[in-house]
Structures are given as C-alpha cells and as structure tokens.
Amino acid sequence: MIPPPLISALRLHYPPHLFSDRAGIRRMLLLMFFLTGSSLAQGQSIAESLADLSIEQLLSEPVNSVTKRTTRQFDSPAAITVLTHDDLQRSGATSVPDALRLVPGMNVGAVNASQYAVSARGFNTVFANKMLVLVDGRAVYNSMFAGVFWDLQQPVMEDLERIEVIRGPGAAIWGANAMNGVINIVSRSARDTQGGLAYLGGGNVQRTMAGGRYGGVIGDDLYYRIFATEQSRDDYLLADGKSAEDGWRSWHSGFRLDKYADADTHLTWQADATVLDLDNGTSDGYNVNSLARWNKELSSRSRLELQVYYDRIHRNDPLRALYSGDTFDFAFQHIFGLGLHHDITWGVGYRFVSNSVEDIAPNVAIRESSFDRNLYSLFVQDEWQMLPDRLTATIGARLEHNDFTGLEFQPNLRLLFKPTEKQTLWAAVSRAVRTPSALEAMDVFVVDFAPPFAGPGGLYVPRVVGNEDPRAEVLWAYEMGYRIQPHERLIIDASAFYNDYSELIGLYGVNRLIPGVPVGTAELPFDNVMSAETYGGEISVTVTPTDAWRLSASYSLLFANFHGAAAARPDVQERSVPTQQAVLRSSYDFSPRLSLDVQVRYVDQIETVPAYATADLRLLYRVTERLDVSIVGQNLFSDHQVEQRPLPVTLTSTVPRGIYGKVTWRF
C-alpha cells in the first residue's frame, strides 16, 4: 500500500497522467523497471544487517586518504572516520553534507535549501575554504571562490562505497587547501553494482526523489553501470517567517565502466552531468565531468596509477555573478618497495583552470571577465617500518607551484606505534597552506559591503576588492591520537590537536577613497591580516551490546583565538566556532526485516545562531528480499532552526522539520 501523503507529493511534481491514481504510480514503477532492463537483471542482496558488520569488520575498513596506500582504518596515523555504505544507507541522508553530520567533530550547517557550510576544526561558513573535497579522485574544491558547490555534488547514495573524512591536514599528499581536512567520496565499482535498482519517494520538505540504476557486463571483463536521478526540495523560511523562495530541483545522470583486463590491471572511465534549477527558477547551474584512471600492479609492493579528468561548472546566480569554469587535471603516481622496510610513494600532477565571469548582480561589479590558472605539483613519501608491526614513520612532502603565490612547500611527519594488536598510538606534525582564491588574489570582483558613509567631499560606498599581492595562508598542525579495542564489542577512538595559523586572509580596512557622483568608493582589499590558534579534540565510542544493536557516541571540543586587523573582525571569527558538538546514534534490527535508526545531534552556539539539538529517525521495513519501504524524519526537535550566520551575497534561511517516505526495489 502506497501512503496517501506520498501519492499527493508525487502528483505535485510529476506529469498528471502518471499519478492520476494508485494504478498510475504502479505504472510509473513498472516503467522505471523496464527502462532499466528487467530481463537482464541479476539478483542483488538487500542491505546488510548489523550482525553482518562486526566491530572487527568496521575497524578493518580499507582507507587510502591518509597516505595514498590502502591501510586498515585502525592502523591509520590520522584522525580519520569512515562512513561505510551501511552507515550512509541507515542515516537516511539524501545528500553528502547531511551524511557528514555523523562524523565526529565535523560541523555541517545548512545555509539555505541548497547550500551548506561544511568544515572540521573551525572556519566554517558557506565559503569554508580549508577542506579539500574529492569525488572518486576528482577535486571539487573551486578555486574561484575557494569552497565547494555542494548542490552540484549529488551522487546516488545507494552507489557510494564509503566516505573517508580526515580531520587535520592532508596537504603533503593531496595538496594545497587541505588544511583542516580531506573529504574523499568513493563510489562503488560497476562490478559491485550489477543488476537493477529503482527508488521513488517524497515528503513535505524533500518533495521528490526518484532514480534508477542498472549494471551489467560486456564480455568477460568489462562491467558497466548507468544511472539517472531526480530530486526536488521545497522552499525554506526566512527568519521573519516569510518564504525564502529557495526551492530547487536537480537532475543527475551518468555512467561508469570498469575493465579488468587481467588480475593486475584495472581501467575505470566514468562521466556524469548534474543540472540545477535553483531558487524557484531565478538561478541555475550545471556540472559536467569525466574521469579515467588506469591502475597496474607490477608486484606485491609496486603499483602504477595514471588519472586524468575534465570538469566544467556553470552557475547563474543573481546574488553573485554568471560564472563558468573548466578544469583539466592530470596525475601520475608510483608506489614501490625499497629494501625490506621502506615503501616509497611519489607522483606528479598538472592542473589547468580556465574561468569566465559576467556581471549580473546589482551589488557585484566585474573588473576582469576571463583568466586562467596553472598548478604544478610533485610529492614524495616514505613509509618506514622502523619496528615491523610496531613502529612506523611516514615522512613526506609536496612541492606545488601556483600562479598566485609561486612555490609552496608542505611537509608532513607521522608516527604510528602499536603497543598491542588492540591499541594504536599516533602523532603528527604537518605544514599546510591555503592558496588565495581568485576573488582574494585578483582584481576580479568589486562587492558592495555596507551602506554609504560620509567622507571627504561626499558619500562613499564600502566595497570589497581583491589584492594582487597576497601570500598563502599557513598552518602548522600538531596532532596525536589513541585507539583501543578493550572488548570485542567496544572501540574507543580519541584525538587531540593544536593548530597554529598565520597569514590568514581577511579584510584590511579602507585603504583608498575614490570620489564619485553621486557616491564614491571606499576600497576594502583582502590581505594577510590575521593569525589564529585553534585547539581541542574529538572522541568517539562504538559499542554493540547485541548482534542486533549498535550504539555510537561522539563528542568534540574546539577553542579558537584570533588576532589581527579590526576590519577582519577577529572577535566575530572566534564566536563563529561551535565550542561543543555531540552525536548519539542507535541502530537496532528488530528482526531481519525491520530496523530503526535514531541520531540525536547537539551543536553549540555561534555568532547570531543559538545552540540547538535535533534528531533524525529512519524506520525501514524489508517487504521482500528485493523491496524496502522506509520512512525518515529529519530535524525533528523544532519546526525551524537557523544553522549558519548571515553573510554578504548569501541567502540564509531556516531549516524545517521534514518527513519523507521511500520505496526501493532491487532486481
């Protein structure tokens, strides 16, 4: 039986003839079934139960974001959290940022219906610029404004293998801008997603969600997956209760090919496109990208990898500008053993970014409409088994040359000590940089910042401008951590850090008055005018009281001291850091067919945003081995809540309570 609210939601967003009655919905499901090739379908198992995922298996999750070598999560010399495929499914999240709320110490705030602020260990706004985000090896950090267009990252959640999140620098391996951490989103191979999957759902906030995927094999060694999805979200409300008119709809489709020419050779080619209709049709955007990767195992300790990708982004945002950017990226890396105790990883890379900008916003003027950037990189790392299976040192560094600040050096030293098989101690010292964005480092934009004020000879409008001579922001990070499995059903993971930032970029203050009629311009350039220290830590505890019940809790503490020019508002920067965050999760399988997941979150107050606690809930019923029905409630503790403070040229709205239902069919 399809719930009546779901029928109503579908009628609002799909052609009427498909949803004129319940039979119409059944016809839609059958249509999706045949479009994805039912006759070729192979069976695919339903989601794994908690009994299938022991603590040992969770600890053994493979990760490669820390050193670019595959290691066990438990043995990684960094503060790393892995959201597994099972975690992502049980969270009920419809987007990657919503799933990241589960990561200890990760601060995620919805800015409006489509935009998010995502960062770890401070500096979180919609322009969060110290987290590097990768999707299957493709960097989605945008160098124009230094941040991520999260609304363009809409992977099929059912096809994600895992999300690896490093809290702390990853610059020696991944390059500049990985100051506070790395988010690595990894999708499943085409070989692991054979058969068909279709889902359909909707609710009061997440109005619609529909998608289909089909995977098959050509010959003996070429696997493929094709997919297409659609989703839409309703308007949020402004703080005064009026509609923010920020509802949106998106369409996402693509394919992935995985060819296993022999046991040692793996070739991947994938491409996808996302189209956005934002703010009820007043703005739009799209992303098209394609990536190819070749892996060759030369021996048990030697491997080659070659990767190339192309990425195009287009945004038409009436609050900011009309922007297009094209990125071409090439990367090569080689891993080999040196003697009995050294494993060397080295690589080179080149990236070319072409940007064009047009003036469409009333309070934003464009001075330079097109420009290019080049980035060259070289890295090397030695993983030294000082005491085999006991003490390992990882020493590495990355050299990068960019067009704005020239040559940057980012070294890293990590030590891992295992006093027993069930304990891990690690410590690290790293230097990382953030290179300025085009907005900060070029004379591209002029942004009206505040109302006019009276000055010599008339009125002047304060306007933010770029600075053609900025330096990179610099971080020296000191970290340590401890993991222990005191019981087969219990794991504890703790980390602490001290981050010392210098050369932080902010507003210098008015440095030039340009008279004009009727008003002149008071220029506020960006410059390296601030420094800061942040320190704190995160702890998480996971326990499985029974085979059917898993509990996890995490708590993070963060303090910040900012110093510098008054115009950069260091006092506001300090108050924009949530000192405490906590997450409590419970996953329970009542039976092989019925499961309940509950997440309760607390986020401390920040500038102009009160502290809040909220909860998400997901109830799943497996009707058959191939058919699931779930109902998800999000932000359940309040009608609406603000999660981010307002910023210029940004719409900030409140996050409503939402409920949606979803039917998933595997065939």
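In this predicted model, strands S16 and S17 form a hairpin, with five residues between them. S16 covers residues 302-316 and S17 covers residues 322-338. The two run antiparallel. Strand S17 also pairs with strand S18, residues 342-358, again in the antiparallel sense. The bridge counts are set out below.

| Strand pair | Sense | Bridges |
|---|---|---|
| S16 (residues 302-316) and S17 (residues 322-338) | antiparallel | 14 bridges |
| S17 and S18 (residues 342-358) | antiparallel | 17 bridges |

Which residue of S17 stands opposite leucine 304? Histidine 334 does. Histidine 334 also stands opposite tryptophan 346 in S18. The hairpin of S17 and S18 has three residues between the strands. Glycine 339, in that hairpin, takes a positive phi near 70 degrees.

Now to the second largest pocket. Its space comes to about 1,300 Å³. The lining counts 48 residues. Thr125, Phe127, Leu439, Phe526 and Leu647 lie nearest the centre.

Which elements give two or more residues to this lining? They are helix H7 (438-441), strand S24 (445-448), strand S28 (490-507), strand S30 (519-546) and helix H8 (570-575). S28 gives the most, with four residues.

What is the lining made of, by class? It has 31 nonpolar residues, eight polar residues and nine charged residues.

How values were computed
Residues are numbered from 1 along each chain as its sequence is written. This is a predicted model: local features need pLDDT of at least 70, side-chain atom pairs count only at pLDDT 80 or more; totals for chains, interfaces and linings use all residues. Side-chain values use heavy atoms; hydrogens and water are left out. On a 1 Å grid over the protein atoms alone, a cavity is a set of points where a 1.4 Å probe fits but cannot get out, and a pocket is an open set with protein on both sides within 12 Å along at least five of seven lines; lining residues have an atom within 4 Å of a point. Grid points are joined across faces, edges and corners, and a volume is the space filled by probe spheres set on the points. Ala, Val, Leu, Ile, Met, Phe, Trp, Tyr, Cys and Pro count as nonpolar, Asp, Glu, Lys and Arg as charged, and the others, Gly among them, as polar. Two strands pair if DSSP finds at least two bridges between them.
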